[in-house]
Amino acid sequence: MERDSSGFDPHTPNVARLYDYFLGGKDHFPADREAAERILRVAPEIRAAARANRAFLGRAVRRLAEAGVTQFLDLGTGLPAWNNVHEVAAKVTPHARVVYVDRDPVVLVHARAMPPGPGTTTVVEGDLRKPEAILRDPDVMRALDFGRPVAVLLVAVMHYVTESERPDEIVAALREALAPGSYLVMSHGTSDARAAFVRQSTHIYQRASLPLTLRGRDRIMELFEGFELVDPGLVWLPEWRPEQADLIDFPGGPESSLALCGVGRLGAGRRRPT
Ligand SMILES: C[S@@+](CC[C@H](N)C(=O)[O-])C[C@H]1O[C@@H](n2cnc3c(N)ncnc32)[C@H](O)[C@@H]1O
């Protein structure tokens with residue numbers, strides 16, 4: 001089967017389906033499984049890392065909902081799994097408004113088929129490398145009030161943005177649209193992880209025509225420019241406000257989670273342009 005007009009191509013490994021495979025989901029094809037197994041040979045810890053990422057996503061959304069955030073803009077949503085943002089938020093704030101954005105047509109089909117919660121869930125096709133287009137999208141503008149705090153989620157997605165695609169400008173464009181009291185939630189695969197993992201996983205992703213830009217701690221920190229990191233700062237996935245219910249065993253230490261994560265808050269000092 002060739003790539004169809006929607007962009008669906010089962011013969012080329014796809015980041016959403018690879019991640020689904022690592023999480024133990026069912027939405028992947030032989031090409032995805034073959035690439036995933038090659039990555040697992042060099043980084044068997046990636047299954048636990050994917051789970052730790054999803055657990056971080058859930059903890060961050062719940063903590064922000066508990067802090068009074070009712071609006072969430074999830075960029076790079078991925079295939080539905082456990083800890084879907086609207087489900088986690090709804091447990092704390094039933095009328096949460098959640099916008100899911102992804103560029104992958106298959107992700108969009110699955111996201112639209114998710115059972116709605118009590119709040120408002122909107123699914124939008126968009127490419128986070130064009131943040132202005134997302135912010136101007138009529139469905140996004142209808143769903144979210146940017147005059148009030150919004151949590152922007154960039155969870156396990158910025159490492160698919162290369163340096164030449166100017167990740168700082170992407171985050172800055174999002175930041176400029178946000179009201180004080182808004183948040184940035186980010187996790188990011190890091191080059192501070194085990195060297196063999198970094199070298200070989202980057203190579204495997206590249207061979208599959210998937211850009212993977214693992215960044216060091218300082219560079220990831222720069223992507224939080226303009227936000228104040230809340231406690232405990234930029235840490236390995238299992239270290240962000242760990243909870244007994246989602247503890248994952250990393251015999252090699254927290255750095256085996258392969259990614260750093262943090263939550264930044266936009267202070268009142270930064271005014272939203274009128
Ligand atoms: C590894 S999954 C992460 C899913 C979810 N955020 C999580 O952490 O559980 C990455 C997702 O980002 C999406 N993605 C990658 N680059 C993107 C881009 N430029 N714009 C929008 N979505 C993108 C992929 O299609 C995929 O669904």
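**Loops, a helix pair and the ligand shell**

Pro232 is found in the loop between β6 (228–229) and β7 (235–236). The model described here is predicted. A cis peptide bond joins Asp231 to Pro232. Its omega angle is about 5 degrees. Most peptide bonds are trans.

Ala156 is found between β4 (151–155) and α8 (167–176). Phi of Ala156 is near 55 degrees. This value is positive, and the residue is not a glycine. Most residues other than glycine have a negative phi.

Two helices were examined as a pair. Helix α2 covers residues 30–42, and helix α9 covers residues 195–207. Their axes come within 9 Å. They cross at roughly 170 degrees. Angles over 145 degrees count as roughly antiparallel. Helices α2 and α9 are therefore roughly antiparallel to each other. Residues from both helices meet in this contact. Helix α2 contributes Ala35, Arg38, Ile39 and Val42. Helix α9 contributes Gln200, Ile204, Tyr205 and Arg207. By class, the contact of α2 with α9 has 5 nonpolar residues, 1 polar residue and 2 charged residues.

The ligand was examined next. There are 20 residues around the ligand. Of these, Tyr19, Arg54, Gly76, Asp102 and Asp127 come nearest. The shell divides into 9 nonpolar, 5 polar and 6 charged residues. Helices α1 (15–22) and α3 (46–66) each supply at least two residues of the shell. The largest share, 3 residues, comes from α1.

In Arg103, an N or O atom of the side chain is 3.3 Å from a nitrogen atom of the ligand. Taken alone, the ligand exposes 600 Å². The protein buries 99% of that area.

Key:
Residues numbered from 1 in each chain as written. Predicted model: local features only at pLDDT ≥ 70, side-chain atom pairs only at ≥ 80, totals over all residues. Heavy atoms only, no water. Axes fitted to C-alpha atoms, helices over the stretch in contact; angles between N-to-C directions. Helix = DSSP H or I, 4+ residues; strand = E, 2+ residues; numbered from the N terminus. Parallel < 35°, antiparallel > 145°, perpendicular 65-115°, else oblique. Contact = heavy atoms within 4.5 Å. Nonpolar A, V, L, I, M, F, W, Y, C, P; charged D, E, K, R; others polar. Near = heavy atom within 4 Å. Polar contact = N/O pair within 3.5 Å; in protein donor to acceptor, adjacent residues only side chain to side chain. Areas by Shrake-Rupley, 256 points an atom, 1.4 Å probe, with all protein chains shown as cover.
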